[in-house]
Amino acid sequence: MLHGKTIVLGITGGIAAYKAATLCSKLTQAGASVHVIMTDSATKFIPELTLQTLSRNPVYTDTFDERDPAVVSHIHLADRADLFLIAPATANILAKMAYGLADDMLSTTLLATTAPVMVAPAMNVHMYAHPAVQHNMELLRQRGVHFIEPAEGPLACGYTGKGRLEEPELIIEHVRQFFEGANLQSSPQLVGSQGNNVSAAASASIANTHSNLLVGRRVMVTAGGTLERIDPVRYLTNDASGKMGIAIAEAARDMGADVTLIAGQVQTMLPEGVNIIRVESAADMLNAVQAHYDKTDIVVKAAAVADYRPKFRAEQKIKKTAESLVLELERNTDILAWLGEHKHHQVLVGFAAETEKVAEFAQDKLKRKGCDLIVANDVSRSDIGFGSDNNEVLIFDGQGLVESVSVRAKQDVAKRVLAQAAKLLPEEVLVID
(Lines give C-alpha, C1' and ligand atoms only; values in the text may rest on other atoms or scores of the structure.)
Protein backbone atom coordinates (compact mmCIF):
# COMPACT_ATOMS: atom_id res chain seq x y z
CA MET A 1 0.00 0.00 0.00
CA LEU A 2 2.97 2.37 0.41
CA HIS A 3 4.52 1.77 -3.00
CA GLY A 4 4.76 5.04 -4.91
CA LYS A 5 3.46 7.15 -2.03
CA THR A 6 5.31 10.34 -1.15
CA ILE A 7 5.76 10.78 2.58
CA VAL A 8 7.34 13.89 4.07
CA LEU A 9 8.90 12.81 7.37
CA GLY A 10 9.42 15.61 9.88
CA ILE A 11 11.92 14.91 12.66
CA THR A 12 12.13 17.21 15.67
CA GLY A 13 14.65 17.53 18.48
CA GLY A 14 14.22 14.79 21.06
CA ILE A 15 16.19 11.71 22.05
CA ALA A 16 13.57 9.61 20.24
CA ALA A 17 14.93 11.02 16.97
CA TYR A 18 17.13 7.94 16.76
CA LYS A 19 14.00 5.85 16.11
CA ALA A 20 13.26 8.01 13.08
CA ALA A 21 16.15 6.32 11.29
CA THR A 22 14.42 2.93 11.59
CA LEU A 23 11.11 4.50 10.61
CA CYS A 24 12.64 6.14 7.54
CA SER A 25 14.34 2.90 6.52
CA LYS A 26 11.21 0.78 6.85
CA LEU A 27 9.05 3.27 4.98
CA THR A 28 11.58 3.31 2.14
CA GLN A 29 11.77 -0.49 2.09
CA ALA A 30 7.97 -0.59 1.87
CA GLY A 31 8.15 1.39 -1.37
CA ALA A 32 7.43 4.92 -0.17
CA SER A 33 9.36 7.92 -1.42
CA VAL A 34 10.49 9.53 1.83
CA HIS A 35 11.60 13.16 2.02
CA VAL A 36 13.02 14.16 5.40
CA ILE A 37 12.83 17.58 7.02
CA MET A 38 14.80 17.99 10.25
CA THR A 39 14.72 20.80 12.74
CA ASP A 40 18.03 22.23 13.88
CA SER A 41 17.55 20.52 17.26
CA ALA A 42 16.97 17.16 15.58
CA THR A 43 20.40 17.36 13.90
CA LYS A 44 21.94 17.43 17.38
CA PHE A 45 20.64 13.91 18.00
CA ILE A 46 21.05 12.26 14.59
CA PRO A 47 23.14 13.31 11.56
CA GLU A 48 21.55 14.45 8.33
CA LEU A 49 23.74 11.99 6.43
CA THR A 50 22.06 9.06 8.15
CA LEU A 51 18.60 10.07 6.96
CA GLN A 52 19.88 11.00 3.51
CA THR A 53 21.42 7.55 3.12
CA LEU A 54 18.31 5.74 4.36
CA SER A 55 15.79 7.80 2.35
CA ARG A 56 18.01 8.14 -0.76
CA ASN A 57 16.80 11.74 -0.96
CA PRO A 58 18.25 15.08 0.17
CA VAL A 59 17.50 16.07 3.75
CA TYR A 60 16.11 19.56 4.35
CA THR A 61 17.02 21.64 7.41
CA ASP A 62 17.11 25.26 6.22
CA THR A 63 14.25 27.17 4.59
CA PHE A 64 16.73 29.34 2.70
CA ASP A 65 18.83 26.49 1.33
CA GLU A 66 17.19 26.42 -2.10
CA ARG A 67 18.88 23.62 -4.06
CA ASP A 68 16.72 23.72 -7.18
CA PRO A 69 16.10 27.18 -8.65
CA ALA A 70 13.07 25.85 -10.54
CA VAL A 71 11.05 25.37 -7.35
CA VAL A 72 10.55 26.82 -3.87
CA SER A 73 11.53 23.85 -1.72
CA HIS A 74 9.02 24.11 1.11
CA ILE A 75 6.12 24.68 -1.31
CA HIS A 76 7.33 21.89 -3.60
CA LEU A 77 7.51 19.38 -0.74
CA ALA A 78 4.19 20.54 0.67
CA ASP A 79 2.48 19.98 -2.68
CA ARG A 80 4.09 16.59 -3.38
CA ALA A 81 3.18 14.94 -0.07
CA ASP A 82 0.57 12.20 0.09
CA LEU A 83 1.10 12.20 3.85
CA PHE A 84 3.01 14.45 6.25
CA LEU A 85 4.35 12.40 9.17
CA ILE A 86 6.07 13.98 12.17
CA ALA A 87 7.94 11.50 14.38
CA PRO A 88 9.05 12.31 16.93
CA ALA A 89 6.99 15.43 17.54
CA THR A 90 8.08 17.63 20.44
CA ALA A 91 5.89 19.95 22.49
CA ASN A 92 7.50 22.82 20.59
CA ILE A 93 6.37 21.68 17.12
CA LEU A 94 2.86 20.96 18.45
CA ALA A 95 2.65 24.54 19.70
CA LYS A 96 3.90 25.91 16.37
CA MET A 97 1.34 23.85 14.47
CA ALA A 98 -1.49 24.90 16.78
CA TYR A 99 -0.78 28.60 16.39
CA GLY A 100 0.47 28.72 12.82
CA LEU A 101 4.08 29.68 13.53
CA ALA A 102 6.49 29.21 10.63
CA ASP A 103 10.07 29.98 11.63
CA ASP A 104 11.97 27.02 10.19
CA MET A 105 11.81 24.59 7.27
CA LEU A 106 9.53 22.08 9.00
CA SER A 107 6.95 24.50 10.41
CA THR A 108 6.91 26.50 7.17
CA THR A 109 6.27 23.39 5.05
CA LEU A 110 3.58 22.22 7.46
CA LEU A 111 1.80 25.52 7.11
CA ALA A 112 1.90 25.22 3.31
CA THR A 113 0.74 21.62 2.93
CA THR A 114 -2.80 20.47 2.24
CA ALA A 115 -1.82 16.80 2.74
CA PRO A 116 -3.09 14.80 5.72
CA VAL A 117 -0.86 15.20 8.77
CA MET A 118 -0.01 12.39 11.17
CA VAL A 119 1.85 13.14 14.40
CA ALA A 120 3.66 10.84 16.86
CA PRO A 121 4.50 12.86 19.99
CA ALA A 122 7.41 12.01 22.28
CA MET A 123 8.43 13.88 25.42
CA ASN A 124 8.72 13.72 29.20
CA VAL A 125 5.62 12.37 30.94
CA HIS A 126 4.92 15.68 32.72
CA MET A 127 5.44 17.68 29.53
CA TYR A 128 2.98 15.44 27.70
CA ALA A 129 0.38 15.85 30.47
CA HIS A 130 0.82 19.63 30.68
CA PRO A 131 -2.46 21.47 30.01
CA ALA A 132 -0.86 23.59 27.28
CA VAL A 133 0.33 20.53 25.36
CA GLN A 134 -3.01 18.76 25.76
CA HIS A 135 -4.83 21.91 24.65
CA ASN A 136 -2.65 22.17 21.54
CA MET A 137 -3.21 18.51 20.68
CA GLU A 138 -6.96 18.84 21.07
CA LEU A 139 -6.93 21.92 18.86
CA LEU A 140 -5.01 20.02 16.19
CA ARG A 141 -7.35 17.02 16.43
CA GLN A 142 -10.26 19.32 15.74
CA ARG A 143 -8.48 20.40 12.58
CA GLY A 144 -8.13 16.78 11.46
CA VAL A 145 -4.57 16.00 12.52
CA HIS A 146 -4.11 12.28 13.21
CA PHE A 147 -2.31 11.38 16.45
CA ILE A 148 -0.38 8.22 17.26
CA GLU A 149 -0.25 8.45 21.02
CA PRO A 150 3.02 7.76 22.82
CA ALA A 151 3.67 4.53 24.67
CA GLU A 152 4.08 4.11 28.41
CA GLY A 153 7.36 2.93 29.88
CA PRO A 154 10.84 4.03 30.95
CA LEU A 155 11.85 7.37 29.44
CA ALA A 156 15.34 8.62 28.63
CA CYS A 157 14.99 11.31 31.30
CA GLY A 158 14.69 8.66 34.01
CA TYR A 159 10.94 8.91 34.53
CA THR A 160 8.49 6.11 33.78
CA GLY A 161 5.18 6.99 32.21
CA LYS A 162 3.45 8.04 29.01
CA GLY A 163 5.69 9.88 26.58
CA ARG A 164 7.84 7.32 24.77
CA LEU A 165 7.68 7.47 20.98
CA GLU A 166 5.61 4.61 19.62
CA GLU A 167 7.67 1.87 17.98
CA PRO A 168 8.40 2.39 14.26
CA GLU A 169 6.59 -0.84 13.33
CA LEU A 170 3.34 0.42 14.85
CA ILE A 171 3.71 3.86 13.30
CA ILE A 172 4.10 2.19 9.91
CA GLU A 173 1.00 0.10 10.63
CA HIS A 174 -0.98 3.30 11.14
CA VAL A 175 0.42 4.68 7.88
CA ARG A 176 -0.61 1.47 6.10
CA GLN A 177 -4.11 1.73 7.56
CA PHE A 178 -4.37 5.27 6.30
CA PHE A 179 -3.48 4.28 2.75
CA GLU A 180 -5.71 1.21 2.92
CA GLY A 181 -8.63 3.58 3.10
CA ALA A 182 -9.52 3.74 6.79
CA ASN A 183 -11.93 6.60 7.37
CA LEU A 184 -9.56 8.54 9.58
CA GLN A 185 -11.19 11.87 8.84
CA SER A 186 -14.17 10.90 10.98
CA SER A 187 -11.97 9.32 13.68
CA PRO A 188 -8.76 11.34 13.57
CA GLN A 189 -7.15 10.09 16.76
CA LEU A 190 -5.11 6.93 16.44
CA VAL A 191 -3.99 5.37 19.68
CA GLY A 192 -0.73 3.48 20.08
CA SER A 193 0.13 1.48 23.16
CA GLN A 194 -3.18 2.03 24.95
CA GLY A 195 -4.77 -0.50 22.63
CA ASN A 196 -8.16 -0.52 24.37
CA ASN A 197 -8.79 2.97 22.93
CA VAL A 198 -7.95 2.28 19.28
CA SER A 199 -10.33 4.23 17.06
CA ALA A 200 -13.19 2.43 15.37
CA ALA A 201 -11.78 3.27 11.94
CA ALA A 202 -8.37 1.84 12.77
CA SER A 203 -9.90 -1.30 14.27
CA ALA A 204 -12.09 -1.74 11.21
CA SER A 205 -9.05 -1.40 8.98
CA ILE A 206 -7.20 -4.10 10.91
CA ALA A 207 -10.26 -6.37 10.75
CA ASN A 208 -10.64 -5.86 7.01
CA THR A 209 -6.95 -6.55 6.45
CA HIS A 210 -7.18 -9.97 8.09
CA SER A 211 -10.76 -10.98 7.18
CA ASN A 212 -11.05 -14.37 5.44
CA LEU A 213 -7.35 -14.98 6.03
CA LEU A 214 -8.05 -18.43 7.49
CA VAL A 215 -11.07 -19.56 5.48
CA GLY A 216 -10.93 -23.33 5.05
CA ARG A 217 -8.34 -23.79 7.80
CA ARG A 218 -8.59 -25.62 11.09
CA VAL A 219 -7.17 -23.83 14.10
CA MET A 220 -6.74 -25.36 17.54
CA VAL A 221 -6.17 -23.08 20.53
CA THR A 222 -5.46 -23.97 24.15
CA ALA A 223 -6.36 -21.41 26.80
CA GLY A 224 -6.42 -20.92 30.55
CA GLY A 225 -4.66 -22.69 33.37
CA THR A 226 -4.74 -26.34 34.29
CA LEU A 227 -5.76 -27.66 37.70
CA GLU A 228 -3.91 -30.54 39.42
CA ARG A 229 -5.86 -32.06 42.31
CA ILE A 230 -4.29 -32.90 45.65
CA ASP A 231 -7.53 -34.23 47.11
CA PRO A 232 -11.23 -33.71 46.30
CA VAL A 233 -11.19 -30.11 47.57
CA ARG A 234 -7.62 -28.87 47.05
CA TYR A 235 -5.51 -28.40 43.97
CA LEU A 236 -2.47 -26.74 42.37
CA THR A 237 -3.01 -24.14 39.64
CA ASN A 238 -1.68 -20.80 38.37
CA ASP A 239 -2.83 -17.25 37.66
CA ALA A 240 -3.71 -17.71 33.97
CA SER A 241 -7.03 -16.08 33.01
CA GLY A 242 -7.42 -17.57 29.53
CA LYS A 243 -8.03 -14.11 28.02
CA MET A 244 -5.19 -14.32 25.49
CA GLY A 245 -6.14 -17.77 24.25
CA ILE A 246 -9.80 -16.87 23.99
CA ALA A 247 -8.91 -13.70 22.06
CA ILE A 248 -6.94 -15.87 19.61
CA ALA A 249 -9.85 -18.28 19.22
CA GLU A 250 -12.23 -15.39 18.51
CA ALA A 251 -9.84 -13.81 16.02
CA ALA A 252 -9.34 -17.12 14.20
CA ARG A 253 -13.12 -17.57 14.03
CA ASP A 254 -13.53 -14.07 12.61
CA MET A 255 -10.87 -14.83 10.00
CA GLY A 256 -12.97 -17.73 8.74
CA ALA A 257 -11.29 -20.69 10.47
CA ASP A 258 -12.93 -23.75 11.93
CA VAL A 259 -11.79 -23.31 15.53
CA THR A 260 -11.41 -25.80 18.36
CA LEU A 261 -10.79 -24.17 21.74
CA ILE A 262 -9.45 -26.42 24.48
CA ALA A 263 -10.10 -24.45 27.65
CA GLY A 264 -8.90 -25.10 31.16
CA GLN A 265 -9.63 -22.75 34.07
CA VAL A 266 -10.63 -19.37 32.61
CA GLN A 267 -11.77 -16.07 34.09
CA THR A 268 -13.75 -14.74 31.16
CA MET A 269 -16.68 -15.76 28.97
CA LEU A 270 -16.08 -18.46 26.38
CA PRO A 271 -16.73 -17.41 22.78
CA GLU A 272 -19.58 -18.45 20.56
CA GLY A 273 -19.11 -20.02 17.14
CA VAL A 274 -16.19 -22.29 18.09
CA ASN A 275 -15.92 -25.91 19.18
CA ILE A 276 -15.23 -25.79 22.92
CA ILE A 277 -13.67 -28.64 24.86
CA ARG A 278 -13.43 -28.09 28.62
CA VAL A 279 -10.59 -29.78 30.48
CA GLU A 280 -9.25 -29.70 34.02
CA SER A 281 -5.78 -31.18 34.29
CA ALA A 282 -2.70 -31.17 32.08
CA ALA A 283 -3.39 -34.81 31.26
CA ASP A 284 -6.92 -33.91 30.13
CA MET A 285 -5.56 -31.15 27.92
CA LEU A 286 -2.94 -33.45 26.40
CA ASN A 287 -5.60 -36.02 25.50
CA ALA A 288 -7.80 -33.38 23.86
CA VAL A 289 -4.88 -31.92 21.91
CA GLN A 290 -3.79 -35.34 20.68
CA ALA A 291 -7.30 -36.19 19.52
CA HIS A 292 -7.51 -33.14 17.23
CA TYR A 293 -3.91 -32.61 16.17
CA ASP A 294 -3.77 -34.54 12.92
CA LYS A 295 -6.49 -32.53 11.18
CA THR A 296 -5.30 -29.14 12.41
CA ASP A 297 -3.51 -26.50 10.31
CA ILE A 298 -2.50 -24.07 13.05
CA VAL A 299 -2.03 -24.82 16.74
CA VAL A 300 -1.71 -21.92 19.17
CA LYS A 301 -0.80 -23.20 22.60
CA ALA A 302 -1.64 -20.22 24.81
CA ALA A 303 -2.63 -22.25 27.89
CA ALA A 304 -0.53 -22.11 31.05
CA VAL A 305 -0.10 -25.83 31.73
CA ALA A 306 1.14 -27.06 35.10
CA ASP A 307 4.63 -28.53 34.84
CA TYR A 308 4.04 -30.85 37.80
CA ARG A 309 1.18 -32.71 39.46
CA PRO A 310 0.91 -34.47 42.84
CA LYS A 311 2.33 -37.98 42.54
CA PHE A 312 -0.38 -39.30 44.82
CA ARG A 313 -3.91 -37.91 44.82
CA ALA A 314 -5.87 -38.52 47.99
CA GLU A 315 -9.32 -40.02 47.47
CA GLN A 316 -10.66 -38.22 50.55
CA LYS A 317 -10.01 -34.76 52.00
CA ILE A 318 -6.63 -34.65 53.72
CA LYS A 319 -7.11 -33.84 57.40
CA LYS A 320 -4.99 -31.34 59.26
CA THR A 321 -3.03 -33.61 61.59
CA ALA A 322 0.52 -32.28 61.51
CA GLU A 323 2.41 -28.97 61.56
CA SER A 324 3.70 -29.56 58.04
CA LEU A 325 2.72 -31.47 54.95
CA VAL A 326 5.05 -32.70 52.23
CA LEU A 327 3.73 -33.15 48.71
CA GLU A 328 5.69 -35.20 46.19
CA LEU A 329 5.27 -33.92 42.65
CA GLU A 330 5.93 -35.59 39.31
CA ARG A 331 6.29 -34.02 35.90
CA ASN A 332 3.42 -33.70 33.51
CA THR A 333 3.94 -34.51 29.85
CA ASP A 334 5.20 -31.40 28.06
CA ILE A 335 2.33 -30.75 25.63
CA LEU A 336 4.18 -28.23 23.48
CA ALA A 337 7.20 -30.51 23.16
CA TRP A 338 4.92 -33.41 22.19
CA LEU A 339 3.30 -31.26 19.51
CA GLY A 340 6.72 -30.28 18.17
CA GLU A 341 7.88 -33.90 18.03
CA HIS A 342 4.75 -35.06 16.18
CA LYS A 343 4.41 -32.08 13.84
CA HIS A 344 3.88 -32.76 10.13
CA HIS A 345 2.01 -30.08 8.16
CA GLN A 346 0.94 -28.04 11.20
CA VAL A 347 2.12 -24.54 12.02
CA LEU A 348 2.92 -24.64 15.74
CA VAL A 349 2.76 -21.45 17.81
CA GLY A 350 3.86 -21.52 21.43
CA PHE A 351 3.76 -18.94 24.19
CA ALA A 352 6.59 -18.06 26.56
CA ALA A 353 5.34 -16.34 29.70
CA GLU A 354 8.54 -15.08 31.31
CA THR A 355 9.52 -12.82 34.20
CA GLU A 356 13.13 -12.16 33.12
CA LYS A 357 15.35 -12.47 30.03
CA VAL A 358 12.16 -12.67 28.00
CA ALA A 359 13.70 -12.74 24.51
CA GLU A 360 16.52 -15.12 25.46
CA PHE A 361 14.29 -17.66 27.20
CA ALA A 362 11.64 -17.49 24.50
CA GLN A 363 14.04 -18.22 21.65
CA ASP A 364 15.52 -21.11 23.60
CA LYS A 365 12.02 -22.52 24.15
CA LEU A 366 11.20 -22.20 20.44
CA LYS A 367 14.20 -24.36 19.54
CA ARG A 368 13.71 -26.93 22.30
CA LYS A 369 10.00 -27.41 21.66
CA GLY A 370 10.09 -27.44 17.84
CA CYS A 371 7.83 -24.42 17.38
CA ASP A 372 7.47 -22.43 14.18
CA LEU A 373 6.71 -19.27 16.16
CA ILE A 374 6.99 -18.34 19.81
CA VAL A 375 5.11 -15.44 21.40
CA ALA A 376 6.94 -13.99 24.38
CA ASN A 377 5.56 -11.71 27.05
CA ASP A 378 6.61 -10.47 30.48
CA VAL A 379 4.01 -11.70 32.97
CA SER A 380 5.70 -9.89 35.86
CA ARG A 381 4.19 -6.63 34.58
CA SER A 382 0.77 -5.81 36.01
CA ASP A 383 -0.32 -3.97 32.85
CA ILE A 384 0.20 -6.97 30.58
CA GLY A 385 0.45 -9.94 32.96
CA PHE A 386 -2.07 -12.61 33.88
CA GLY A 387 -5.61 -11.28 33.98
CA SER A 388 -4.87 -8.07 32.07
CA ASP A 389 -6.97 -7.08 29.06
CA ASN A 390 -3.81 -5.88 27.26
CA ASN A 391 -0.60 -7.55 26.20
CA GLU A 392 2.79 -6.67 24.78
CA VAL A 393 4.62 -9.42 22.94
CA LEU A 394 7.65 -10.31 20.89
CA ILE A 395 7.09 -12.84 18.11
CA PHE A 396 10.08 -14.97 17.13
CA ASP A 397 10.71 -17.59 14.48
CA GLY A 398 13.79 -19.73 13.99
CA GLN A 399 15.68 -16.81 12.45
CA GLY A 400 14.96 -14.32 15.25
CA LEU A 401 12.51 -11.51 15.92
CA VAL A 402 9.60 -11.38 13.46
CA GLU A 403 7.49 -8.67 15.05
CA SER A 404 7.43 -6.54 18.18
CA VAL A 405 3.88 -5.73 19.27
CA SER A 406 3.64 -2.93 21.83
CA VAL A 407 0.96 -2.74 24.51
CA ARG A 408 -2.55 -3.08 23.13
CA ALA A 409 -5.77 -5.04 23.57
CA LYS A 410 -5.31 -8.81 23.50
CA GLN A 411 -7.78 -8.99 20.61
CA ASP A 412 -5.39 -6.93 18.46
CA VAL A 413 -2.38 -8.96 19.60
CA ALA A 414 -4.28 -12.11 18.60
CA LYS A 415 -4.73 -10.82 15.05
CA ARG A 416 -1.01 -10.08 14.76
CA VAL A 417 -0.08 -13.57 15.97
CA LEU A 418 -2.48 -15.29 13.57
CA ALA A 419 -1.38 -13.12 10.66
CA GLN A 420 2.22 -14.24 11.23
CA ALA A 421 1.14 -17.88 11.54
CA ALA A 422 -0.90 -17.67 8.34
CA LYS A 423 2.22 -16.67 6.40
CA LEU A 424 3.71 -20.09 7.20
CA LEU A 425 0.78 -22.14 5.93
CA PRO A 426 1.19 -24.18 2.76
CA GLU A 427 -0.92 -23.02 -0.14
CA GLU A 428 -3.10 -26.12 -0.20
CA VAL A 429 -6.09 -25.97 2.14
CA LEU A 430 -7.36 -28.92 4.14
CA VAL A 431 -10.93 -29.83 3.22
CA ILE A 432 -13.27 -29.33 6.16
CA ASP A 433 -15.78 -32.15 6.33
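**Notebook: salt bridges, a strand and a pocket**

I began in helix α7 (residues 131-142), where E138 and R141 sit three residues apart and are therefore separated by about one helical turn. Helices here are DSSP runs of H or I with at least four residues, strands are runs of E with at least two, and both are numbered from the N terminus. I keep in mind that this is a predicted model: local features need pLDDT of at least 70 and side-chain atom pairs count only at pLDDT 80 or more, while totals for chains, interfaces and linings use all residues. Residues are numbered from 1 along each chain as its sequence is written, and side-chain values use heavy atoms, with hydrogens and water left out.

**The E138 pair.** I checked what the two side chains do, and E138 and R141 meet in a salt bridge at 3.4 Å, N to O. The term stands for a side-chain nitrogen of Lys or Arg within 4 Å of a carboxyl oxygen of Asp or Glu. Is R141 buried or exposed? I found R141 buried, at 12% relative accessibility. E138, at 36% relative accessible area, is partly exposed. For these words I use under 20% relative accessible area for buried, over 50% for exposed and partly exposed in between (1.4 Å probe, protein chains only).

**The K162 pair.** Next I looked at K162 and E149, whose side chains form a salt bridge at 2.4 Å, N to O. K162 belongs to strand β7 (residues 160-164) and E149 to the loop between β5 (146-148) and β6 (151-154), so this pair ties together parts that are 13 residues apart in sequence. E149 is buried, with 10% relative accessible area.

**The E330 pair.** I then turned to E330 and R309, which form a salt bridge with their closest N and O atoms 3.2 Å apart. Since E330 is in strand β16 (residues 329-331) and R309 in strand β15 (residues 308-310), the pair ties together parts 21 residues apart in sequence. E330 is partly exposed at 26% relative accessibility, and R309 is partly exposed as well, at 29%.

**The start of the chain.** I went back to strand β1 (residues 6-11), which runs parallel to β2 and is joined to it by six bridges; two strands pair if DSSP finds at least two bridges between them. L9 has V36 in β2 as its bridge partner. Strand β2 (residues 33-38) has five of its six residues buried, so the rest of the structure largely encloses it.

**The largest pocket.** How much space lies in it? I wrote down about 890 Å³. Among its 39 lining residues, A303, A304, V305, A353 and K365 come closest to the centre. The elements giving two or more residues to the lining are α10 (243-254), α12 (335-341), β17 (347-354) and α13 (358-369). A pocket, on a 1 Å grid over the protein atoms alone, is an open set of points where a 1.4 Å probe fits, with protein on both sides within 12 Å along at least five of seven lines; lining residues have an atom within 4 Å of a point.

**The whole protein.** Last, I looked up the overall figures: the protein has 14 helices and 20 strands. Its C-alpha trace spans about 90 × 55 × 35 Å along the principal axes. Of its 433 residues, 54% count as buried.

Terms used
Points joined across faces, edges and corners; volume = space filled by probe spheres on them.
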